[in-house]
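Notes follow in the order I looked things up.

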Amino acid sequence: MPGVTSDSGEFNSLSIVPHSFDTQAPKVYPLHIHSVTPPLARLSISWARGNALRVCVLQSEDTVQDEKPGGEVVEVKLTNVEGGEIPDAQWRRIAYGSVAPFALLQSRKNSIDTSHYDKDWWEHVMEYIREINSLLGNSKPSVSSMIEDPKTVLKKIEEPTSLKPAWELMEMFYADRQSQTWIPERLLDWLADFDCLFSATQPTVHAKLVAFQEELVTIQAVENDPEYWEVLSSALAVGWLDVVVKLLRLHGSYLFDQLGTREIENGLVEAVALLISQMPRLRLVLPTEKLGECYNTKPEFMKAWEKWRGQITKLDCSAFWLQCDHQQTRVGLKNMLQIMLGNANVLSRVTYHWIELYISHFLYIRPFTVVSATFIIQFPLGLESMYSLAQKCMHLKPISNRHKLMGLLIGILEENTEVVLAECSRSFGPWMITHAIELLTAGSTQAEILLHEERSKIGGICMEELHRLIYAQILSSHAFTWNIAPIYLTSCMKQGLGLLENLLYKQPVQYHQVLLKSIEICRLNGLDDVSCNMMKIAGVHYWKHGKKGSAVFWLQQARDEVRLNRIAKQLYNFVGKSVSDESFKQWEGMIELLGTESKTAGGLEFLKKYRDFRRSLQQVQEGITIDDARKAAEALISLMRNPSTPQQFWLPLLYDSLKLLNWKEGPLLNVSQTNLLLNKLQELSLARLLPGFVDAELPPEALKSVRLALATNLGRAILEEGLNPPGSSRLKEDFLCGISHDSPHARSSKGGTVEPSRMGFIL
């Protein structure tokens, strides 16, 4: 799709988005060739379907062997740097599934009531977010077992893609007003669902738990394993309370044969597990599978938190610790109490990357952090404190290979809309930024101003329209997704319709379904001229490839009389000129396509009427009644009156109608109708004198027979009507003078003959 040109004169100035060829190193894709060996003589590269290249490798003639082929064709699939996180089929499912929510939101944006804009628009955005989020996958286990394995700490789920956590981050900080009062809990849930994604680039609590769970089946006394207490501390630090309590219940003191001798130890373990399961949680709703006590308001939460902290302090100072004989249990439980008391050093030691440490600070050091509609309030600091805390955590937990989700989270906490846009575009692709713009503009005034400001450097369009055009360009480049690109192009006010026209004109018209889809898109968007032109293109294409019927059909739909008239002139040379001519039958199927609307037939209107007349005339020759003969005569008059009837068919029509003109039971044509035919015959005599006249291929006596028949019918019609209309005597005299004196038809009704000296009218 063409972009906005600039005055730079560079190659990339013709693209919608300027590219810098120096920013990325060239990528190397392996070419797997099996049957062709070097040296190679020729290499041909072309685009295949989707994001694949078709490479044709030809071997030199000197090295070609008789038993082996001299060339090979292979396909090279172009992928992103990560090797394609999401398969093509899933990408198409996401692309198609997001069309309806996007189109509905744009429709509601244009029709929303301005008096209730804030409330209504927020509800519409949240519905849009939920529908898109459902497309990106489910982070919960799809099937749960009826009997749980006590040593199964983490349930097996399908590993999510990076799109879903990125989408939920945007929702959390920009759009969902309800979750802004419990951001720490939302971050805790977010990390619990997506911490597995960070395992590919750095150590994580999730990876530690997965590794320990695999070893758990071989460990007899878990309390003797130092890794057991490390995993407990790490899971507690990030707030995975259900995992921690389940692991604590695996302690050896819970065994029946150990209760009598390890009563104090078991009591301490159970006391810590009880405190963990009663941890206050500031959130709206607490799922049933999660532990803790839910509080909706901050005052109630603060009161419960102080009480809970007091219980932890009391247990930490208890004398029962001196009676616990198992040192590893005593040290491990005391370490867990320090985590719940908010010991920063312990939290830093048991977490693995800065996001885990960041969330542990909110849980145990800054538990009263809440968010209003526009900023975060934390005794007394705002959103800046969240970003400064993130910087502190990054300093304590530096990483060499930063995950793309971390870059997005930093941009959000930094309140830098440009960084958020850049991370969405660079790390998550055009789909993400196109659909996430609605979240940005819903929750940030700065983002709305930045995205809706028109910029002269990109052709006077805004950033929002630019990203939609880029995404539509990607959709239109694939045969499976081009038909949903118009949804995004029509939402672009400046350049959308123009690029949509270019997209439609590029679609192949030889594929019937593609052509129908293009016409439907034109109808929905009011592009009647484009639809008409596509029909014309299809008609010309089919005519050139010998599909005459399809060509006539599409040209008729386009009401292209100019081309229909040209086709008609070509067909006239092939249509049979006589009723008995069999060459006409091969065109009857195509003539049926003309239908009943004569306005759309152009010059082919004559062929339809000619076909009907031939059928009527055939019945007359087979000896049908007088009513059928009159219908045939009326069809003849209709043809001769029609201006679309070519002159080269006038004489053949009259010659085929001799039986009608010489009808024994009486004249079928009245005086005025006969005069019409006489005038046509006279016009034909003048036209024969002009250059380029095409004479009909008829017998030599055809002209004389038509003259005699018309003269006879005129006389019989005059006698039958009993009157002599003005002008009819002159025509009668002229045509009687042209009849041979020795012809039996030259005799008058009284038995006289015509004088030979008056035979001056010769056709």
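Ground rules before I go on. I am working on a predicted model, where local features need pLDDT of at least 70, side-chain atom pairs count only at pLDDT 80 or more, and totals for chains, interfaces and linings use all residues. Residues are numbered from 1 along each chain as its sequence is written, and side-chain values use heavy atoms, with hydrogens and water left out.

**Whole chain**

I find 32 helices and 7 strands in the chain. These are DSSP runs numbered from the N terminus: H or I over at least four residues for helices, E over at least two for strands. Of the 763 residues, 46% count as buried. Buried means under 20% relative accessible area, exposed means over 50%, and partly exposed is in between, with a 1.4 Å probe and protein chains only. I also looked at contacts (heavy atoms within 4.5 Å). Among those between residues at least 6 apart in sequence, 64% join residues at least 24 apart.

**α7**

I count 10 of its 12 residues as buried, so α7 is largely enclosed by the rest of the structure. The buried set includes Tyr228, Trp229, Val231 and Leu232, and Glu227 is in it too. The buried residues of α7 pack against α6 (205-216), α8, α9, α11, α12 and α13.

**α11 and its contact with α9**

I checked the length of α11 as well: its 14 residues reach 20 Å from first C-alpha to last, close to the 20 Å expected at 1.5 Å a residue. Buried residues in α11 include Gly332, Asn335 and Ile339. The buried residues of α11 pack against α7 (226-237), α8 (241-248), α9, α10 (298-316), α12 (344-350) and α13 (354-364). Just after α11, I noted that Gly342 takes a positive phi of about 85 degrees.

Next, the pairing with α9. Two packed helices are described by the angle between their axes and the distance between the axes. I use axes fitted to C-alpha atoms over the stretch in contact, with angles from 0 to 180 degrees between N-to-C directions. The axes of α9 (residues 263-277) and α11 (residues 327-340) come within 11 Å and cross at roughly 20 degrees. That makes α9 roughly parallel to α11. My angle classes are under 35 degrees for roughly parallel, over 145 for roughly antiparallel, 65 to 115 for roughly perpendicular, and oblique for the rest.

α9 passes α11 in a left-handed crossing. Left-handed means the near helix is turned anticlockwise from the far one by less than a right angle; clockwise would be right-handed. On the α9 side I see Glu265, Leu268, Val269, Val272 and Ile276, meeting Thr329, Leu333, Met336, Leu337 and Met340 of α11. The residues of this contact divide into 8 nonpolar, 1 polar and 1 charged. Nonpolar here is Ala, Val, Leu, Ile, Met, Phe, Trp, Tyr, Cys and Pro; charged is Asp, Glu, Lys and Arg; the others, Gly among them, are polar.

**α5 with α13**

The axes of α5 (residues 183-194) and α13 come within 10 Å and cross at roughly 145 degrees. The crossing of α5 and α13 is left-handed. Among the contact residues I noted Trp190 and Leu191 of α5, and Tyr358 and Phe362 of α13. The whole contact divides into 10 nonpolar, no polar and 2 charged.

**α22 with α23**

How do the axes of α22 and α23 cross? For α22 (residues 528-544) and α23 (residues 548-557) I get roughly 160 degrees, with the axes coming within 7 Å. They are therefore roughly antiparallel to each other. The residues of this contact divide into 7 nonpolar, 3 polar and 2 charged.

**Two single residues**

Ala304 sits in α10 and is buried, at 12% relative accessible area. Not counting residues up to four places away in sequence, Ala304 touches Pro280 and Tyr295.

Arg92 lies in α1 (residues 88-97) and counts as partly exposed at 26% relative accessibility. Leaving aside neighbours within four places in sequence, Arg92 is in contact with His478, Phe480 and Thr481. I also noted Arg92 and Leu475: 383 residues apart in sequence, 9.5 Å apart C-alpha to C-alpha.

Conventions:
Expected span 1.5 Å × (residues − 1).
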